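Thanks for coming, everyone. Please have the structure open.

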Amino acid sequence: MAEYKYGVYGKIGNDVVQSVSRASVTPVYFGTAPVNLLTDYRSAVNTPIKIYNLNEAREKLGHFANSAMWSKYTLCEAVEAHFNNEAGNIGPIYVINVLDPDVHASEAVTEDLIFANRKATLAETDIILATFALDGKVQGVDYTISYNSTTGVLTVTDIGQTPMEEIQASFKRVNFEEITAETVIGGTDSDGLTTGIASLRQVYQDYDAIPTYLAAPGWSEDPMVYDALVEASQGINDHWSAFVFADIPTTNVANIAAAIKWKEDNEYTSGYSKVFWPKVKSGSATVYHLSTLALVEKIRCDINNNNIPFETCANKSIPASGLYISDTSKLVGYDRPDANKLTAAGITTAIYWEGNWRVWGDHTAAYVNGGDYMAREIFDTNILMLFYITNEFQREWGTTIDQPMTLALRDTILNREQEKLDALVSIGALIGTPTVELSDGESSEASDVLLANFEWHISATITPPLKAATVTVSYTDAGFAVLYGDEEGGEA
């Protein structure tokens, strides 16, 4: 029995190899944000939040700029990379926070506060502000609170009629032990409510935005999360395709050989992803996952190319000062031959070149030099352009579903799709002569025709990056002739 279909669909067909539009740029990040610092955090848990700038991130998510806090509050890294970037800020981004203070909370603890000049302070980075209370006092009547995320200090101001000197405070902290890979992966309950990565489906229906890139810095180095991201990236809302940026861990993976082995052992090999190793340092103290900075630059490329993803993030400058594995590692950086050992294994890294640190590696995770992979999986831009074409097809023709399939509609779709392909050739995103055709009735199953399942086939060659350039220079002694006046037209 033929598969039941109703709607508009897109899929990647078999490669056609001879020898060897407007989709929004929508990055979606999954992880934990310091929503415990918000007085009303419930609207920021397990739901997509659209962020345009740093101030909005503070208001909607809470934020720590100090990278020492990012192992707990992983989404702060993405916020800082996008909205406090010396190369220019890039947004908006979409974040799905899984930290739920109603669920991930410790038992109540108490602290004695001592007031001076009607103020008392409490150094707490993990406090759930909504649970803070002073013994026998009413917030807003007897006292107010304010929190400084730069210093991690809560300030309590006494506004009551009788000044306080010493009083007991009670509050709960975030219990991070209860936040696991399973929390980030999430799921859908019997009522259809989603958590974690499963909440990805809400991005399109809430914001009319097609997810383009998926990332979970600090979590994607867990194989379960990586697999969940890759699985979630295909058939989003039964339609859209996205691309995953993920990391190989640096804990117990201290050198190139170990990174290559870890990738292979843990099967970080999806052609729908790029994987990165190691981390990078920015300045003297800030540490980023390389995937985060690379994704910022990929989005910058896309924006510069009218949101068409035919330019790779490889060889783009990033705000880094060196590679980072751990505080005890003495590694500063690799030169290009060593870095190429990683890229030949489908791992993207970073190198120093011409005054800047740069993303290095234009392959997908499926590529291994001399290994088995499909032609479309060689370069990240191959997959991204195929996703772009299928996503654009679905977005444009989704509203035509259930219209009569007349010859005029057939020709309209064929002509419009060919027009879009030709436009992609004109800007250099495709090369050659891409084609689109409607599958003829003879090649379709009878049941497909009866059920009005029509299928278009597009063949396109993605423009490859200039991956390697070699110049050959040869020595010749012919120039000596000029010294003796023997050159043509010369004088003795």
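**Salt bridges and a helix pair**

Glu 311 and Lys 316 form a salt bridge, with their closest N and O atoms 3.2 Å apart. Keep in mind that this is a predicted model. Is Glu 311 buried or exposed, or in between? Its relative accessibility is 29%, so Glu 311 counts as partly exposed.

Why pair such side chains at all? Side chains of opposite charge can pair when their charged atoms come close.

How many salt bridges does the structure hold? The count is 17. I will show a few of them.

Next, please find Asp 158. Asp 158 pairs with Arg 118 in a salt bridge, and here the closest N and O atoms are 3.5 Å apart. Where do the two partners sit? Asp 158 is in strand E8, residues 153-158. Arg 118 is in the loop between strand E4 (109-114) and strand E5 (119-123). The two are 40 residues apart, so this pair links distant parts of the chain. Now look at accessibility. Asp 158 has 4% relative accessibility, and the cut-off for buried is under 20%, so Asp 158 counts as buried. Arg 118 has a relative accessible area of 29%, which makes this residue partly exposed.

Now a local pair. Asp 265 and Lys 261 meet through their side chains in a salt bridge, at 2.5 Å from N to O. Both residues lie in helix H6. They are four residues apart, about one turn of the helix. Asp 265 has a relative accessible area of 48% and is partly exposed. Lys 261 has 51%, and the cut-off for exposed is over 50%, so Lys 261 is exposed.

Salt bridges can also share partners here. Which residues end up in one network? They are Glu 396, Arg 416, Glu 417, Glu 419 and Lys 420.

Back to helix H6, for the packing. Two packed helices are described by the angle between their axes and the distance between the axes. Helix H6 covers residues 256-265, and helix H8 covers residues 336-343. They pack at an angle of about 10°, and their axes are 9 Å apart. Angles under 35 degrees count as roughly parallel, so H6 and H8 are roughly parallel to each other.

Which residues make the contact? From H6, they are Ile 256, Ala 259 and Ile 260. From H8, they are Asp 338, Lys 341 and Leu 342. By class, that contact has four nonpolar residues, two charged and no polar ones.

Technical notes. Residues are numbered from 1 along each chain as its sequence is written. This is a predicted model: local features need pLDDT of at least 70, side-chain atom pairs count only at pLDDT 80 or more; totals for chains, interfaces and linings use all residues. Side-chain values use heavy atoms; hydrogens and water are left out. Axes are lines fitted to C-alpha atoms, for helices over the stretch in contact, and angles run from 0 to 180 degrees between N-to-C directions. Angles under 35 degrees count as roughly parallel, over 145 as roughly antiparallel, 65 to 115 as roughly perpendicular and the rest as oblique. Contact means heavy atoms within 4.5 Å. Ala, Val, Leu, Ile, Met, Phe, Trp, Tyr, Cys and Pro count as nonpolar, Asp, Glu, Lys and Arg as charged, and the others, Gly among them, as polar. A salt bridge is a side-chain nitrogen of Lys or Arg within 4 Å of a carboxyl oxygen of Asp or Glu. Buried means under 20% relative accessible area, exposed over 50%, partly exposed in between (1.4 Å probe, protein chains only).
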